[in-house]
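Here are a few notes to go with the model, written as numbered points. Please keep the structure open beside you while you read.

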Amino acid sequence: MQTFIDYLIHRIRSKTRHGVHSPSVYALIDTCIYADQPEVSKAILDHYAAAKKDLRLIKGEDLGKDAHTEVSVAQYARTAAIIDVQAALLHRFVHRSQPKKVLELGTNLGKSLACMASGAPSAECIGVEGNHGLAAYAQKAMSALGLDNARVVNASFEAYLSSDQGGYDVVFVDGDHRYEPTLRYFELVKSKMNGGGAIIFHDIYWSPGMKRAWAEIKKDRNVTVTIDLFFLGIAWMGKPQAKEDFSIRFPSSLIRLFF
Ligand SMILES: C[S@@+](CC[C@H](N)C(=O)[O-])C[C@H]1O[C@@H](n2cnc3c(N)ncnc32)[C@H](O)[C@@H]1O
């Protein structure tokens, strides 16, 4: 209920592209958020549509609860994987920015990783997933889809970030949607960006904790521009300068946006 109220408030307060005066942000909104090209490939969409009917069980572990899990591919595909309209936005975003190195924290079955990796085929795309069964599924999916530029690492976010090389241009944070861990991952990722780049947070209105975390991320001195699209927030990193925060109305119906 609270999320729905937040959504209505966002809908009223947010602007369309016509209310944006910054030329670079307008261009991004026009060619990425309000565009529908390039599309995610049919092979990727078909793979994850078929996953919704796949009753095979994935054995793994839930890091948050420190428990073993056995969940069907179908259940993950229906409840955890990003929905098509949001996945398509990530695809366009990466296609537009053509990063060299992309990191995803929280890969699950690999849907968002596949959409980003196919958007920038020359980028090195790394997905981090703590559940070993999910990581294995996602890696197999990348191979089946011919996405040789994507690889999946089975590790906790903390373990991965404590030893990786960094140099990221785009990071998508989509796991452990709580206040303290989200800010901790933000601090770790911040120091590993390739000079500037964008950190994208999924589900910024998911809980009071996520809302607070997003509010603090916006205030960070190295965050120069933010775009709040309700279902995700994009924070551009750079040298401290005057900030600009945009709340943009995503051109999609409520039903298509969330289900
Ligand atoms: C919402 S799902 C990701 C969905 C995926 N990005 C997509 O859109 O297709 C979140 C994933 O993050 C993983 N996860 C959560 N906390 C984690 C942690 N601390 N370390 C590693 N993986 C974690 C979970 O196992 C889960 O598969």
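1. The ligand is surrounded by 20 residues, and the closest are Ile82, Gly106, Lys111, Gly130 and Gly175. A residue counts here if its C-beta atom, placed from the backbone, lies within 6 Å of the molecule. The shell divides into eight nonpolar, eight polar and four charged residues; Ala, Val, Leu, Ile, Met, Phe, Trp, Tyr, Cys and Pro are taken as nonpolar, Asp, Glu, Lys and Arg as charged, and the others, Gly among them, as polar. At least two shell residues come from each of α6 (111-119) and β4 (124-129). Helices (H or I, at least four residues) and strands (E, at least two) are DSSP runs, numbered from the N terminus.

2. A word on the source: this is a predicted model, in which local features need pLDDT of at least 70 and side-chain atom pairs count only at pLDDT 80 or more, while totals for chains, interfaces and linings use all residues. Residues are numbered from 1 along each chain as its sequence is written.

3. Which residues touch the most other members of the largest nonpolar core? They are Leu109 and Ile199, in a core of 75 residues. Such a core is a set of buried Ala, Val, Leu, Ile, Met, Phe, Trp, Tyr and Cys residues joined through C-beta atoms within 7 Å. Beyond its neighbours within four places in sequence, Leu109 is in contact (C-beta atoms, placed from the backbone, within 7 Å) with residues including Tyr48, Val73, Tyr76, Leu134 and Tyr137.

4. Asp176, in the loop between β6 (168-173) and α9 (179-190), has a positive phi of about 55° although it is not a glycine. Asp203 sits in the loop between β7 (193-202) and α10 (208-219), and its phi is also positive, at about 60°. Asp176 counts as partly exposed because it has 18 C-beta neighbours inside 10 Å; Asp203 is partly exposed too, with 18 other C-beta atoms within 10 Å. For reference, 20 or more other C-beta atoms within 10 Å make a residue buried, 12 or fewer make it exposed, and partly exposed lies in between, with C-beta atoms placed from the backbone.

5. Please check the peptide bond from Gln37 to Pro38 as well: it is cis, with omega near -5°. Pro38 belongs to the loop between α2 and α3 (42-51).

6. Finally, Thr16 lies in the loop between α1 (2-13) and α2 (23-33). Its C-alpha is 8.3 Å from that of Pro251, although Thr16 and Pro251 are 235 residues apart in sequence. Thr16 has 13 C-beta neighbours inside 10 Å, so it counts as partly exposed.

Terms used
Contact = placed C-beta atoms within 7 Å.
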